[in-house]
Amino acid sequence: MDIVLITTVIASLFLVIGVSEPLAARLRLPYSVILAVVGVLIAVAALFFLRTELTDALNPVAEAILGLPIRSNVFLYVFLPTLLFQATLGMNLRRMLDDWVPILVLAVVAVVVATLSVGYALSWVSALPLAACLLIGAIVSTTDPSAVVSIFRSISAPRRLARIIEGESLLNDAAAIALFGLFMGFVMLGMPDPSLGDALARFPVLIAGGVLTGWLTARAAVWVMALFARHERAQISISVALPYLAYIGAEQSIGASGVIAVVAAGLTLNLTGPGRLPPLTWTNLREVWELLAHWAGALIFILAALLIPRLLEEVRVGDFVLIGVVILAAIAARLVILFGLLPLLTLLRISPAVERPYRVAILWGGLRGAVTLALALAVTESFRVPIEVKRVVGILATGFTLFTLLVQGTTLRAVIGWLGLDRLSPLDDALSRQVVAVALQTVREDVARTTENYELTHDIVRSEAKRFGERLDAAVKTAEDSADILDRDRITLGLIALAGYERDTILGRVRERTISARMTERVLSDADRLIEGARSGGRSGYQRAARRSIAYGPAFRGAVVLHSRLGLSKPLARMMADRFELLLSKRLILRDLGAFIDRRIRRIHGRRVADLLHELLSRRIETVETVLEGLRLQYPGYAEELERRFIRRTALRLEEREYITIREDGLIGSEVFTALMQDLAARRAAAEHRPRLDITLQRSELVRQFPLFADLDDSALKRLGRAFQTRYANAGDILIRKDSVAKSVFFIASGAVELETAGQTWRLGRGEMFGQLSILMKKARGAEVRAIAPSTILVLDEQRFRRLLSRSAALREAVRASAEKRGIEPDELLSDDPQVA
């Protein structure tokens, strides 16, 4: 075939891609539907001109279109890795991990349920072997969430809901393709009725092998990319090779799932890339992949649609009945998941509550697309699959895909409107009116200043001011009519706005490079949790999210165990350094939020709401300062090193801005500017390097901060520091349970705790101790102690405490004071201890 003709056809396909997106927006239809329709029309037109006797002039073009080398391997080895890899790079993994249970359950269970539902339904109404029916079930269980997710975003649906749908669809495709490979093997081997247990037993092997291959390939790629830190295009080129190497390595080397390998590789790069690559490189890398995925997704839809007339050439009347069975069985399977399993997960509190209208929209938005057609094409191309099975698979997969695109896809937006999801809630509607009124008042003031500065014609200014005043009066009147928003709702709306501004501030700091790329995803995820917490739970939800953002997580506790039990300090050192940097970043960001409350929220929601938000903000700042101070005590000097690093990075940013300004003013030429920027880049690379944290707790310095040990000499302080064990507690953690056996005494290095006994409560803070009375009285614990702030506790066993008590007068005095406070005779308490007496 003429290379010029092929190039022309491919260029024309890109032209179709460029036209289809604005056409879809104008017709208010999903983009994938437009691509599929255009692809089918192109194929039908090519067949028409090739077979018609009206003219032969277009025969070469028609032959070029129909002769394109469209094979299943092109989809599976070229386009599919691109789509899956970009989907993983575009995910907010930290937020996805919050919902990993519903995502994983919905994905895996949904695939299995859909495969079994469609497979057994077909086996009951057709003469196809069970293996072929299950193969069809696996093919049609893949979903394309792009349409419903894009509509959800346009109507401000809960972010968590869209995130679950995206994550479920990604893993859904991976699991479905893995099942497809499994049942395809049974069909090619001629096993009509395979054992379901054998099939499912091989499934975890495919998954585990793919995960291991993808992880190893991505780790190697990240290591190589880090070596080329100053060569952005080299790093991006390596990232382009990564998914294909992972896919081929898994499929051809160990017989595992290539799709799972690509997903694992993308997730690994998403987690490790921001910390190992320069921020600008990571941003450009993701933009390149977004463009590649856009082209791949569009081409896979158009090319797959070109195959539809060919796949339907041998359709029979009875096949329409089977297509109807597939449609009903697939919808029934989706109903079971959305209206059976999802409410159950919500009841068990492992999935967010999804309102019924959203579930209906997800049900109707479960479109199938190019992946389904590509898998069907792979079956029709195999010479080891029986001819009748190939024919039925191609027809059923194509018919079902056309139904979802042409029926569900074209009516999805109408269904969204019928469900009322495209309209603002009464609360949001009332808020929007008030926002318009406040915004117009600000605009009027700015316009007045502008007209004065430019000395515009008086009559024109007066006429325009009159028109604007009429609009402002109407907006104020409308806002007054909707002024019945409850204070509770105003607080919620104010917190959402505050969290949104916090997120914007973080992005601004990232662009200015005052927050490192390593911390970017973490602080943005925390801001997203604040927004969602405020939306779902109001003030209490916001506060829970704020506490969680600085809490010690399971990974941190695991690192502490590795360090204390096995002597592995590297994980804890990295996490502790991350925690230092995170807290310093949060402190910088939180101090910028007060002005936003006064400037914006006070004008919209009033003084009372603004004062409450100031109070909540002050508590967050105080908590961050408390936790940061605890870390300063444990690792003196490290926070100061991070602050120096921040100042250096800020100075470099300002220096860069000054060079750019001088260059734009024409004061220096391009040669001088390039030399200056190269020198700046070298110094910036050095400033990006985070100082190393020595994880060895400097407990002697920490112990020295306690007034209780003021009378101990240096050697005693060092011995005491070695004797202490360190415990980290989150707010709400129980440190001592009532009636437990007394074995240790606890000293508060940072944070605060609350003791509760006999209906009374005491609060203790930094430098105080608890648990000593039970040991001295030789009784079980009489109080329950819980942390009320993130705290660092030093723990001393009973034997060492008694020896210390005999040597320290300050400690004995503290014990006497605590005993007297609780009505216990201190002299009798201490006289019972032979070491003290």
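Helix α25 (residues 593–605) carries a kink of about 30° centred on Arg599, where the bend at a residue is the angle between axes fitted to the seven residues ending there and the seven starting there. Helices (H or I, at least four residues) and strands (E, at least two) are taken as DSSP runs and numbered from the N terminus. The structure is a predicted model, in which local features need pLDDT of at least 70 and side-chain atom pairs count only at pLDDT 80 or more, while totals for chains, interfaces and linings use all residues. Residues are numbered from 1 along each chain as its sequence is written, and side-chain values use heavy atoms, with hydrogens and water left out.

Within α25, the buried residues (under 20% relative accessible area, with exposed meaning over 50% and partly exposed in between, for a 1.4 Å probe and protein chains only) are Leu593, Gly594, Phe596, Ile597, Ile601 and His605. An α-helix has 3.6 residues a turn, so residues three or four places apart point the same way. Asp598 and Arg602 are four residues apart in α25 and are therefore separated by about one helical turn. These two residues form a salt bridge, with their closest N and O atoms 2.9 Å apart; the term denotes a side-chain nitrogen of Lys or Arg within 4 Å of a carboxyl oxygen of Asp or Glu. Asp598 counts as partly exposed at 38% relative accessibility, and Arg602 counts as partly exposed at 28%. The helix is followed by Gly606, whose phi is positive, near 100°.

Across the whole structure, 21 salt bridges are found. One of them joins the side chains of Asp319 and Arg391, with an N to O distance of 2.7 Å. This pair links distant parts of the chain, since Asp319 lies in helix α15 (residues 317–347) and Arg391 in helix α18 (residues 387–418), 72 residues apart. Because Glu655 lies in helix α27 (residues 638–664) and Arg683 in helix α28 (residues 670–688), the pair ties together parts that are 28 residues apart in sequence. Arg683 counts as partly exposed, at 32% relative accessibility.

Four strands form an open sheet in the order β1-β8-β3-β6, with antiparallel pairing, two strands being paired if DSSP finds at least two bridges between them. The edge strands, each of which pairs on one side only, are β1 (725–729) and β6 (769–770). Strands β3 (residues 744–750) and β8 (residues 791–797) run antiparallel and are joined by six bridges, and Phe746 stands opposite Val795 in β8.

Helix α2 (residues 31–51) has 21 residues and should span 30 Å at 1.5 Å a residue, which agrees with the 31 Å between its end C-alpha atoms; the expected span is 1.5 Å times one less than the number of residues. Its buried residues include Val33, Ile34, Leu35 and Leu47.

The secondary structure of the protein chain as a whole comes to 34 helices and eight strands, and buried residues make up 49% of its 837 residues. Of the contacts (heavy atoms within 4.5 Å) with a separation of 6 or more, 79% are accounted for by residues 24 or more positions apart.
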